[in-house]
Every structure is written in structure tokens, then in C-alpha cells.
Amino acid sequence: MQVKTIHADSVKGFQQSYASEIQDGFHPNVAMVFASVDLDMQGICSFLAAKDIHVFGCSSCGEFVYNASEHVITEGELVCLLMDLASGTFGIKLFGGHNCNSYELGKTIGDWSSGTFLHHAIFVLASGLDTDGEQLVRGIQHVAGEDIVMFGGLAGDDARFKETFVFSGDKLENNGAIAMAIDLDHYNIHGIATSGWVSIGADKLVTHSEGNVVYTIDNQPALDVYKEYLNVRDEELPEIGIEYPLMIKKRGKQDVLRAVINVDREKRSLIFAGSVPNGSVVSFSSSPGFEVIEGTRLKVDEFYQQNPLTDVLILFSCMARHSALGPTISEEIGDAWRKWNTPLIGFFTYGEIGNNYSAACDFYNQTFTLVALKEKQHVPEN
Amino acid sequence: MSQKIDFLADMIRNFTSGNDFERERELILEELKKINAEQEKLTFKYQRSTKEKNILSSLLTRTTYDLQQVSARLSVRAEELSTLLTTIPAYVFFKDIHLNYLIVNKAFTELVGVPVQEIIGKNATEFFGIHHDPGYYEHEIQVISKGIAFYNIEEHVERNNRKFWVNTNIAPIRNADNEIIGLIGISWDITERKLHEEELRNAKELAEAGTMAKNEFIASVSHEFRTPMNGILGLSEILKNTLLNPEQMDLLKGIITSAENLLVLLNDVLDFSAIEAGKMKLDSQPFMLDRVLEDISLVMKMKAKEKKLSFSIRTPSEVPNALIGDAQRLRQIILNLANNSVKFTEKGVIEIRVSLIEKNTLQAFLKFEVTDTGIGIPVEAMNSLFKVFSRVKQDKLKTISGTGLGLSICRKLTDMMGGEIGVESTFGTGSTFWFTLPFVLSNLSSRKTNEAASSHSERFTGLHVLVAEDNLINLRIVDFQLRKMGFLADLVTNGMEALEKYAAHPYDLIILDIQMPVLDGYQTAKKIREGEKISGGHIPIIALTANAMKGDREQYLEAGMDEYVSKPFTQESLRNAISNLLK
């Protein structure tokens with residue numbers, strides 16, 4: 001399996017880079033594209049469709065690509081991973097989500113993927129600022145099983161929180177998901193998800209919530225609680241809410257982070273990237289500082305020891321990490337790339353999906369979710 | 001940073017000294033770029049820190065305020081809890097995971113009798129020792145190890161030479177991480193309650209013993225009544241067959257009616273005491289419904305005729321005839337209801353109707369209705385009609401005899417047989433008493449029963465029968481009835497004499513009273529059967545018994561007897577028993 005990466009700031013630039021990448025006879029059939037909403041995503045899709053290349057893409061909140069010749073972390077541009085995968089070892093499909101909730105959408109994806117390969121893994125990207133990432137994951141697991149291997153993220157729109165997209169072929173979807181089914185008899189897929197965010201302030205009680213919409217915390221409108229406690233202006237939300245997510249305390253279990261991705265100013269409610277159950281005990285949370293990078297480095301080291309060989313690294317990193325770490329995020333991403341010295345590509349998300357080692361797949365916020373994809377050397381006959 | 005500046009200064013020196021111009025330029029630019037990137041990061045960190053500082057400072061201020069509020073609320077709560085612990089009339093204790101006391105309340109220290117500081121950190125065994133129930137400690141270990149709460153553990157405890165009962169609830173205490181860090185226990189002194197319970201238990205036992213004694217007394221008195229009753233009825237029957245003038249015959253009928261009424265009362269009292277004592281047993285056997293109804297018809301037609309009432313029984317053909325159930329109890333219920341109807345009806349009709357409610361391959365559910373055109377029942381009396389000793393209070397009824405037990409017995413019997421009983425009545429117009437009963441279907445054909453019925457009329461001319469009975473009046477009655485049937489009877493007055501006679505002569509039948517001096521009926525039957533084990537053969541034996549409490553059938557059969565006849569018996573019942581054996 002051969003992989004190449006492209007970084008461009010326009011459709012034209014992309015076309016030029018593509019032409020130069022295939023000069024050596026490289027024939028890619030799959031393109032993972034993470035692009036700014038400011039770019040002509042439709043144009044990129046049409047260009048790749050004309051070349052019989054299957055597209056698996058979404059809009060982003062900043063993109064990055066690391067390889068031997070360039071280290072790029074950018075916003076308002078696009079990155080693309082070109083791969084020549086053996087035919088019959090993958091499938092890509094776009095799903096509309098206008099007529100169903102996130103759980104139902106997940107079930108539809110699970111149904112489709114379960115019918116592709118005996119042993120399958122899923123890459124999934126979802127758009128829609130009301131999408132409940134947790135329910136999407138639960139829906140897929142309902143059909144494909146709790147132990148399904150799955151990685152992905154929620155699409156971004158450069159922190160504008162207006163409209164996000166997923167795309168494939170020549171079609172864009174502003175409320176839906178795109179899934180890529182992978183035959184696990186041909187590929188190894190492993191990953192980790194690490195956050196480093198810590199609880200700050202006293203515990204609070206979610207006094208009214210439905211799914212991923214929180215109406216009141218300690219009987220106060222949720223939007224007002226965020227404004228008062230963080231001393232921020234109305235318009236600074238939801239962006240500031242991504243950096244200071246709610247930590248849901250689960251007694252005796254792993255705490256879960258949920259970031260604000262949308263605001264209903266009329267109802268004074270907050271829409272989170274995943275479910276926040278009514279009656280949850282929560283607190284604000286924050287990055288403990290720049291030492292969070294050191295925490296990621298240790299986790300990545302450990303992951304490298306177990307998976308030293310890979311063809312490509314795909315990274316779904318929360319946009320809040322970018323906001324909190326600023327230019328120092330290059331240290332976190334660069335350290336990971338240097339470990340394997342193979343191409344690394346990804347985007348800053350509004351939420352991440354993945355298995356932390358062999359644990360069941362979950363939906364996260366604030367994480368550095370790294371995936372290693374490798375084609376198997378000896379493909380079993382059955 | 002100073003190292004980088006030194007490095008840069010070196011390069012500038014090299015550059016000015018005219019060495020490799022281009023290369024030095026590139027190195028300088030590269031270093032400047034790095035410095036720029038570092039600068040950018042530092043600037044970001046500074047700006048970020050400033051922004052974070054503002055946000056965290058706001059969060060800290062609000063959180064501090066929140067914590068102060070919580071702290072104030074906790075102080076109030078702590079005060080409330082302290083007051084509660086001091087005033088609650090229970091022993092409250094908190095223990096750590098090693099089951100050592102952490103906190104105890106005032107009542108607890110008073111119970112133990114030592115200052116609180118001497119209790120904290122110590123184990124219960126130091127204060128209660130072996131006087132604590134060992135099972136109790138096991139419960140505490142499970143609270144800590146498994147997180148299970150236990151409620152209402154009752155145990156006898158001893159402390160400072162005082163023995164008392166306590167009821168204890170224990171539950172785990174967990175920390176924020178859901179780990180068990182100890183337990184809380186609350187004990188109540190229930191000594192007084194325990195004493196009350198014991199008193200109540202004693203009183204109940206006493207009351208039950210009293211009831212038992214009462215029932216036994218009634219049963220034994222009834223039993224004693226039966227023997228003379230048998231004499232009155234038997235001798236009256238003999239007298240009826242002698243030459244009497246019409247006036248004497250009227251007087252005799254009066255005696256017989258009174259004796260029969262007395263017998264009904266006696267049977268009711270006996271049934272009632274058997275039901276009360278829980279000794280009433282059902283005797284489920286195959287029977288023919290038409291035979292039961294025929295018997296009832298015979299009795300009731302006569303009674304109806306005396307009051308010039310018309311009487312009929314209607315049984316549609318779909319009602320199954322061969323059934324399994326307690327025919328005697330069924331007869332008793334119908335007769336009781338029909339007798340009541342005759343009692344309370346001055347003119348008109350008494351009708352018994354049987355109908356099929358439901359039937360499957362195994363069971364049939366039947367409804368029996370007894371309708372009369374009598375005085376009816378006032379609405380206010382309907383509800384209590386089936387209660388014990390309940391009788392409709394009305395001037396007109398004062399002349400009518402009864403214990404008020406009949407309907408209550410009927411209800412108990414239908415209950416026991418899995419049915420229901422009820423009444424519909426219009427005061428002044430008449431009543432319909434009804435009951436429903438389930439029966440198992442029998443596969444006996446009715447033809448067989450008819451054959452058996454025909455055998456009732458056969459005579460036993462020339463057959464030899466040996467009768468053992470210590471009551472001479474009864475002996476005379478049996479002798480009279482047997483001779484009427486054609487038997488040749490030898491009479492003896494105890495079991496020993498019976499064995500001697502039996503050894504000397506061959507007989508076709510033996511009739512044995514149960515309670516006899518020297519050797520009773522059971523023993524006599526057993527000895528006869530033991531003898532037959534050697535000699536072979538099997539002579540039919542009938543038991544004559546005044547013991548009307550049911551459930552003794554097995555006892556007679558076990559002793560080797562083949563049939564039994566209850567005293568007082570009629571010629572008909574004796575003939576039936578003999579016919580069953582000598583077919």
C-alpha cells in the first residue's frame with residue numbers, strides 16, 4: 001500500500017499538487033480530505049470523482065500534515081491523504097441525517113458496515129452541529145457490536161459554529177455522516193485517545209437536560225452558568241465552551257468530557273457534542289497548562305512500543321487543544337510523527353471517536369485520538 | 001536564549017570576516033526563524049496565561065462563594081445531625097472497615113456505660129464479648145466486604161449484667177469514588193416488644209388449646225348422644241311394625257320426627273365442630289348423580305307431601321351423571337337447602353334444578369338451584385345469611401326450629417369443594433338458593449350402578465351372620481333388621497366371644513361394633529384376618545360405629561374391615577353396606 005499527502009490552499013493548488021504526485025505512476029483510489037469550509041469542497045470532490053478516486057472527507061477547524069518534506073499546521077486550507085488500497089478491501093458511503101436522530105443514523109451505518117466484511121472496522125465522520133456523537137457511536141455499536149473497531153470525528157467549520165460538512169463523490173451533506181468500512185483481514189488498525197484535561201471548581205448538578213441539550217445546571221440556565229463562572233461575554237460561546245468542557249463525574253468509572261458546540265440563546269440552553277444525562281454530577285474542566293503535551297508524549301511512546309510499524313498515521317485532535325496550546329500544538333503532533341517517521345495527517349475536530357487500545361469505542365472531547373493504519377503482510381485466504 | 005544570541009553573534013563575526021557568505025546567511029536566517037517561532041510560542045503562552053488567569057480567577061471567585069454557601073449549609077446540617085444523634089431513642093454507631101467504632105451517640109455510650117473516648121477505636125467484642133450473637137458479626141463483615149445492607153437483625157445482647165433484645169439495621173458508607181469506607185448502624189431496644197410478643201404467643205396458645213378442648217368436648221358429647229339416639233330410632237322402627245291403633249301410630253310418628261330432628265341438629269353441631277377444628281375431610285369417590293338425586297327425591301317428596309307442597313327435580317340430559325366427588329357432602333348440602341325450603345314454604349312448589357355451566361374432557365362444573373315459593377328473605381338479612389348462628393329475625397320464624405348452623409356449614413362445604421354458594425330472593429315471594437361445584441368426570445357406566453341398585457332388593461335368606469355389640473338395645477335392633485332381611489343371626493357382646501363363635505362355626509358375614517369391652521372391634525378384625533393368613537379365605541366384616549367424625553374410613557380398612565355403617569343407622573343403610581359385600 002502506497003500513501004502520499006497533499007497540502008493546498010485552493011482547488012487549483014490541489015490539482016497541481018495532485019498532478020505532481022502521480023508523475024511516478026502512483027494510482028491512488030482513495031482520498032481522505034480535510035478541508036476548510038472556505039474552500040470549494042464541491043470542486044475538489046468533482047475533480048477526484050473524475051479520476052475514479054473514492055473520497056472520504058469533511059470540513060475542518062484547522063488541518064495538519066506531517067511528512068519528510070513538510071510539517072504543516074494550518075487553518076483555511078486543505079490536506080489530503082492519497083492511498084492505493086487493494087480493491088475489495090474497503091467501502092465508502094455517505095449517509096443523510098436530516099430525517100433521523102443521531103442514534104438512528106448510527107444504526108443505519110452499522111447495518112451497512114456489518115454487511116461489507118466478515119471482520120470490519122469503521123472510519124466515520126459526522127456533520128451537523130446538533131449531532132450527538134455519543135448517540136451516533138451507540139447506534140453503530142447497537143448493530144455492529146460493542147467491540148467494533150471505529151475511529152473518526154465530528155466535522156468543524158473553523159470555529160464559526162454555523163455549518164459543517166461531510167462529503168464523498170460529488171455530494172456534500174451538512175447533516176449526516178460518511179463512513180468507510182475496512183476489511184480487518186487485510187489491515188491492522190490500532191489507536192489511542194488521550195485528553196489530559198482536569199476538573200476545576202466545585203461539583204454541580206445538571207438539573208434539566210434532554211439528550212445533548214442542557215437547559216439548567218443547579219437550576220440556573222446553563223448558558224448563564226457558563227457566562228457567570230467563566231466571566232465571558234455571550235458571543236464568546238460556544239467557542240470558549242469547547243476549551244472549558246463539562247466533566248461528567250461517573251462514580252467509580254472513567255469521567256467523560258463534553259464540550260459545548262452550539263448555543264440556543266433564546267432558551268438559554270447549551271448544546272453539547274455528546275449526551276449529558278439529566279441528574280449528572282459535573283464540573284468545569286480545563287487543560288492543566290502546557291504540560292499536557294508531556295502527558296500526550298508519554299502515551300504516544302507507550303503506543304509506539306506496541307505498534308512500531310505503520311503505513312500512515314491519522315490524527316483526530318480536538319480544536320480545543322489547538323486553542324489551548326496555540327503554536328505549541330506543533331510539539332504534540334510533531335513528537336508523534338517523529339516516532340514512526342511515516343506520513344501523519346488529520347484535522348482539528350468538534351469531537352473524536354475511537355478505541356483507546358482495546359477498550360470499547362467511545363465518543364470524546366478534548367482528546368488527541370491517534371490511529372495507525374497498516375496493510376497486513378500476509379493476507380489470509382479466507 | 002543567551003546561548004542562541006552568542007551563536008548568532010559568532011555567525012555575524014564569521015559573516016563579517018568574509019567567509020562563506022551564502023551559507024552563513026542561510027544559517028542566520030534559519031536561526032532567526034527558530035527564534036521567531038519560539039517568540040511566537042512565548043507570546044501565545046503569555047496571552048494564553050493572561051486569558052486563563054482571568055477565567056480561572058472568575059471561576060475561583062464563584063467557586064469560593066459556592067463553597068462558602070455549601071460550608072454554611074453543612075454547618076447547619078452537622079448541627080441537625082448532632083441534635084438528631086443526641087435525641088434519637090436508638091443506639092447509633094459508625095464503624096471503620098476494621099469494624100472499630102468511629103462515632104457513637106449518647107444513647108450508645110449510656111448503654112455501654114463507659115465514656116465515649118474509651119469506645120472510639122475499639123471493637124464491639126470488647127464491650128459485648130461473647131454475648132453478641134456471632135451471626136451478627138458475620139453480617140457486619142458482609143456489609144464491609146460486599147456492600148450489602150442488612151435490616152431488622154434481631155439478637156439477644158448482654159451488657160453490665162442486663163439482658164435485652166435489640167433490632168439492628170446496618171448499611172455501608174461509601175466515599176466519592178464509591179469505595180466502602182465503613183458502616184453505619186442503628187439499634188433499637190425491643191425488649192418490651194419481645195415480652196409482649198411472648199405474652200401474646202402464650203395467650204394465643206391458651207386460646208387455641210381452649211378451642212381444641214371445646215371441639216373435642218362437642219365431638220365426644222355428640223358421639224355419646226348417638227348410641228341412645230340409635231336406640232330411640234331403631235326401637236321406634238320396630239314398634240312401627242307392630243300392631244298399633246291410629247292414636248298410638250300418631251304418637252309414634254311424633255317420636256320419630258322429633259328424634260330425626262334431634263339427629264339433624266346433632267349432625268350439624270358435629271360437622272360444625274369438625275370444620276372449626278380443621279378436621280373436616282372430603283371423601284372423594286366415583287358416584288352416580290342420578291342416584292344421589294333419587295335418594296333426595298325420596299326423602300323430600302315425603303316431607304313436601306306432609307305440607308301439601310309439590311316437589312320436583314329437573315336435570316337436563318347434558319348434565320353428566322358419572323362423577324367423582326364427595327357424594328355424601330353433596331347430598332347434605334342439597335338436603336339442607338331443600339329442608340329449609342320446605343320449612344319456610346306454606347304453599348306452592350319446591351324445585352331442585354341441576355345445570356351444566358362448563359365441561360371439558362376431565363371436569364364438569366355444575367350448578368344446583370333450590371327454588372321455593374316461600375316467605376323469602378328481607379334484603380338486610382341476605383349478607384349475613386351464610387354466617388355462623390345467623391337466623392333471619394322475624395316474628396313468623398319464631399315457631400321454626402334450627403341452630404343457624406346449616407347454611408354456614410353449606411358454605412364451608414362448598415368452599416372446601418372449590419365452589420360457591422349464594423341466594424336470590426324476593427321477600428314475600430320466594431327464594432332460590434344456589435351453589436356451584438366442580439367434579440371430575442368418571443368413566444363408570446350408569447348401567448353398572450343400576451345393577452348395584454337392583455341388588456338392594458335382594459334378600460339374604462338362610463345366610464349366617466355373627467353380630468358383636470355390647471349395647472343390648474342396639475343388638476336387639478340389628479338382630480331385628482337382619483332377620484327381616486332373611487339372615488340367621490348369632491349374637492355376642494364382645495370381641496372375645498365373637499372369636500370363639502367364629503372358631504366354632506362357619507359364617508357368611510360378621511358385623512362388629514367398634515367400642516366393646518374385653519376385645520374391641522379393631523382388635524377382633526385384626527385377629528380374624530391374621531388367622532385367615534394361615535387358613536386362607538376372606539370373610540366380609542362390617543364395622544358398626546358411633547364415631548361419626550369422617551376420615552376414619554382408612555382406620556377401619558386398615559384393621560381389615562370391608563365396610564362400615566354409622567350409628568344411628570337405618571335398615572336401608574345396613575342393607576346397602578351388606579349388599580356391597582354380598583353380591
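A: We can start with packing, for which one cut-off is needed: two residues are in contact if their C-beta atoms, placed from the backbone, lie within 7 Å. Please keep in mind throughout that this is a predicted model.

Q: Which elements of chain B do the buried residues of H18(B) pack against?
A: The buried residues of H18(B) pack against helix H14 (472-485), strand E15 (509-513), strand E16 (541-545) and strand E17 (563-566), which belong to chain B as well.

Q: Which residues of helix H18 of chain B are the buried ones, and where on the helix do they lie?
A: The general idea is that an α-helix has 3.6 residues a turn, so residues three or four places apart point the same way. In helix H18 (residues 571-581) of chain B, the buried residues are Arg575(B), Ala577(B) and Ile578(B). Viewed down the axis of H18(B), these buried residues fall within an arc of 160°, and they therefore line one face of the helix.

Q: Which residues are buried in helix H15 of chain B, and what covers them?
A: Within helix H15 (residues 495-504) of chain B, the buried residues are Gly495(B), Ala498(B) and Tyr502(B). They cover an arc of only 55° around the axis, so they sit on the same side of H15(B). The cover over the buried residues of H15(B) includes strand E13 (464-468), strand E14 (488-492), E15 and helix H16 (521-535) of chain B. On the face of H15(B) turned away from its buried side are the exposed residues Glu500(B), Ala503(B) and Ala504(B).

Q: Which residue has a positive phi although it is not a glycine, and is that residue buried or exposed?
A: One of them is Gln366(A), whose phi is about 65°, and this residue is found in the loop between strand E25 (362-364) and strand E26 (368-375) of chain A. A residue counts as buried if 20 or more other C-beta atoms lie within 10 Å of its own; Gln366(A) is buried because it has 29 other C-beta atoms within 10 Å. Ala159(A), which is not a glycine either, has a positive phi of about 60° and is placed in the loop between strand E9 (149-154) and strand E10 (166-168) of chain A. With 17 other C-beta atoms within 10 Å, Ala159(A) is partly exposed.

Q: Where is there a cis peptide bond?
A: A cis peptide bond joins Leu237(A) and Pro238(A), with omega about 10°, and Pro238(A) lies in the loop between helix H5 (222-230) and helix H6 (239-243) of chain A.

Definitions and conventions: Residues are numbered from 1 along each chain as its sequence is written. Chains are lettered from A and ligands numbered from 1 in the order in which they are written. This is a predicted model: local features need pLDDT of at least 70, side-chain atom pairs count only at pLDDT 80 or more; totals for chains, interfaces and linings use all residues. A residue is buried if 20 or more other C-beta atoms lie within 10 Å of its own, exposed if 12 or fewer, and partly exposed in between; C-beta atoms are placed from the backbone. Helices (H or I, at least four residues) and strands (E, at least two) are DSSP runs, numbered from the N terminus. The arc is that of the directions from the helix axis to the C-beta atoms.
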